Amino acid sequence: MLTAINPIETISLLQQIQWVADPVGYMEKAVRKYPDIFTAKIVGFGGSIVFVNEPQAIQQILTNDRKQFSAPGELNGILKPILGDASVIMLDGDRHKKRRQLVMPSFHGSRMQNYGQLVFEITTKVFKNLDINKTQNRSFTVRDAMQDISLQIILQAVFGLYEGDRCQQLKKLMSQMTELFNSPFTSAALFFPSLQKDFGAWSPWGNFVRQKEQIDKLIYLEIAERRAHPDPSRTDILAMLLSASDEEGKGMTDLELHDELLALLLAGHETTATAMSWALYWIHHLPDIKEKLWQELKSVTDPTDWMSIFRLPYLTAVCNETLRIHPVAMLTFPRVVQEPMELLGYKLESNTIVLGCIYLLHHREELYPNAELFKPERFLDRQFSPYEFMPFGGGVRRCVGEALAQFEMKIVLATILANYDLELAEHKPVKPQRRGVTLAPAGGIKMNLK
Ligand code: HEM
C-alpha cells in the first residue's frame with residue numbers, strides 16, 4: 001500500500017496550505033522525519049504522492065520512465081490555465097516524443113554560439129535602460145532586470161522577435177502576467193481551482209484571464225502573419241515548427257503552435273531569470289567569489305569568444321552551485337508507477353504518483369557537506385552524477401532548454417561582471433519563496449549600481 005511509505009501525518013488541508021505557503025519549510029520538516037522518501041498530500045494531484053530524494057531511487061525512476069514508470073502530461077494540469085493543453089509539457093507517449101524531437105534541435109548546444117552576441121547586446125541594453133538614475137542610491141530590483149533580459153532572449157529564439165511593437169507588447173504582457181504569481185498568496189489560485197473565478201478585470205483571476213487573452217491574440221497574429229509570408233531564411237523556432245509535418249504530411253494546427261510557443265516562452269524565461277538573480281546575489285554577498293570570477297574572466301583574451309567564456313571552470317562552478325542551492329524547480333514533473341514494484345524497500349502499487357524532489361536532493365548533507373553554504377568549489381573538487389545534481393530533471397521530460405539556460409546564465413553574468421560595478425542594497429539574507437510552481441528570491445533582490 002502506498003501509505004506504508006512514511007506518511008506526513010498532518011491533515012490533508014493543512015498540508016496543502018503549507019505546501020503552497022511555505023514549500024521549503026514543508027519539505028525540510030518532512031525530510032527531518034523521513035530522510036529519503038515520504039508520502040505527502042499536496043494540491044494538484046488529488047491524493048497522496050511520493051516525494052523521493054535518494055539519488056539511487058531517483059536514478060531508478062528517471063532511467064525507467066518509459067517502462068516501469070510513465071510521465072503523463074495530464075498530471076501537469078496545474079499549468080493548463082496558463083499554457084493550454086497542446087504543448088510538449090502536456091503531451092505524453094509518442095506525441096510527446098515527436099514534439100520533443102521537433103523542438104530540441106533549436107536548443108542544442110551547437111546552436112548556442114549564435115546567441116552569444118545577442119545575449120551580450122540585450123544585457124548591455126537592459127543595463128543602459130535601467131531606470132535607476134531617478135532612484136536613491138541608483139538601486140534596482142535584480143529579478144526584474146534579469147527577467148527583462150531572459151524574456152528578450154527567448155522572444156528572439158522562439159519568434160525571431162527582437163524589436164518592434166508586437167515584441168514590446170508581448171514583453172510587457174508576459175512580465176505582467178508572470179508577476180501575478182509572484183508570491184505564495186497570489187500563486188494559490190493555481191493550486192486551488194475554486195479560486196479561479198473571474199469576477200471582472202479587478203479580481204485577481206479576472207485580471208489574469210484578460211492578460212492571457214491579450215497574449216493569446218498577439219501570438220495568433222504572429223502565427224497568421226508568418227503563415228501568410230513564409231520566409232525560408234528564418235531559423236527561429238516558430239519557423240521550424242511551421243515547416244514541420246507528421247507522417248501523413250499534416251502540419252501543426254494554430255492551437256498546437258500557440259500552446260507550444262507560449263510554453264517555451266514561459267518555461268524559457270521565468271526559470272533562467274530567477275537563476276541569474278540568485279547567482280548575482282551570491283556573487284555580491286561573498287566578495288571572494290566575485291574576485292575569483294574577475295580573475296578568471298581576465299584570462300579570456302577575446303571578450304567576444306563566447307564559447308571560451310562558457311567553458312570557464314570557476315564560472316561554471318558558480319552557476320552549478322547556484323542551481324544546487326536554489327534549484328528554481330523544486331520537483332521533477334510527476335512520474336506514475338506502471339506495475340507494482342519496489343523502491344528503497346517499499347512496495348509501490350500501480351498508478352502511484354512519484355516526484356523527484358530536486359530541492360531535497362540538492363541539500364543532502366552526505367553529498368553536499370554544509371549544504372546551506374554557498375561553495376562553488378564543491379563542483380571543482382568532485383563530479384556529481386546526473387542523479388545527485390539535477391537542476392534540469394532527467395529522463396523523458398528532461399528540460400529541453402538546459403543548454404540555453406546555462407549558456408545564457410554564463411554570458412549574462414560575465415557581461416555584468418566585466419562592465420558594471422554592483423553592490424547589494426541590503427545586507428540581510430534573502431529567502432526563497434514560492435513564485436507559481438517555482439522558488440524565487442523573496443523581494444526580487446535590491447542592488448545598487450555604483
Ligand atoms: C535555469 C533554468 C531552468 C531550469 C532550472 C529548468 C528546470 C526544468 C525541470 C526541472 C524540468 C522537468 C524535468 C523532469 O521532469 O525531469 C524542466 C522541463 C522543461 N523545461 Fe526547463 N528549466 C530551465 C530553463 C528552461 C528553458 C530556457 C526552456 C526553454 C527554452 C525550458 C523549457 C522546458 C520544457 C519545455 C520542459 C518540459 C519538457 C517535457 O515535458 O518534455 N526550460 N525544466
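Colleague: Which residue places its charged end over the ring of Trp19, and how far is that end from the ring's centre?

Modeller: Happy to. The residue is Arg434, whose charged end sits over the Trp19 ring at 5.2 Å from the centre. To say that a charge sits over a ring, NZ of Lys or CZ of Arg must be within 6 Å of the ring centre and within 35 degrees of the ring normal. Please keep in mind that this is a predicted model, where local features need pLDDT of at least 70, side-chain atom pairs count only at pLDDT 80 or more, and totals for chains, interfaces and linings use all residues. Residues are numbered from 1 along each chain as its sequence is written, and side-chain values use heavy atoms, with hydrogens and water left out.

Rings of Phe, Tyr and Trp (its six-membered ring) pair when their centres lie within 6.5 Å, and planes under 30 degrees apart are stacked, over 60 edge-to-face, and the rest tilted. Counted this way, there are 15 aromatic pairs. One of them joins Trp205 and Phe208, a tilted pair with 4.6 Å from centre to centre and 45° between the planes. Both residues belong to helix H10 (residues 204-228), and because they are three residues apart there, about one helical turn separates them. (Helices, H or I of at least four residues, and strands, E of at least two, are DSSP runs numbered from the N terminus.) Trp205 is buried at 9% relative accessibility, and Phe208 is buried too, at 3%. Here buried means under 20% relative accessible area, exposed over 50%, and partly exposed in between, with a 1.4 Å probe and protein chains only.

A further tilted pair is Phe310 with Phe407, since their centres are 5.8 Å apart and their planes meet at 40°. Phe310 lies in helix H15 (residues 306-310) and Phe407 in helix H19 (residues 402-419), so this pair ties together parts that are 97 residues apart in sequence. Phe407 is buried, with a relative accessible area of 0%. Phe310 has a charge over its ring as well: the charged end of Lys410 sits there, 4.1 Å from the centre.

Next, the ligand. It is surrounded by 28 residues, and the closest are His96, Arg100, Phe333, Arg397 and Cys399; a residue belongs to this shell if one of its heavy atoms lies within 4 Å. Helix H5 (93-103) and helix H13 (270-285) each contribute at least two shell residues, and H13 gives the largest share, three residues. As for polar contacts (N or O pairs within 3.5 Å), a polar side-chain atom of Arg397 is 2.7 Å from a ligand oxygen. The side chain of Arg335 has an N or O atom 2.9 Å from an oxygen of the ligand, while Gly394 brings a polar backbone atom to 3.0 Å from a ligand oxygen.

Finally, two backbone details. Most residues other than glycine have a negative phi. Asn370, in the loop between helix H17 (358-361) and helix H18 (378-381), has a positive phi near 50° and is partly exposed at 45% relative accessibility. Ile445 has a positive phi of about 70°; Ile445 lies in the loop between strand E11 (438-441) and strand E12 (446-449), and is buried at 3%.

Definitions and conventions: A polar contact is a pair of N or O atoms within 3.5 Å; within protein, one must be able to donate a hydrogen and the other to accept it, and residues adjacent in sequence count only if both atoms are side-chain atoms.
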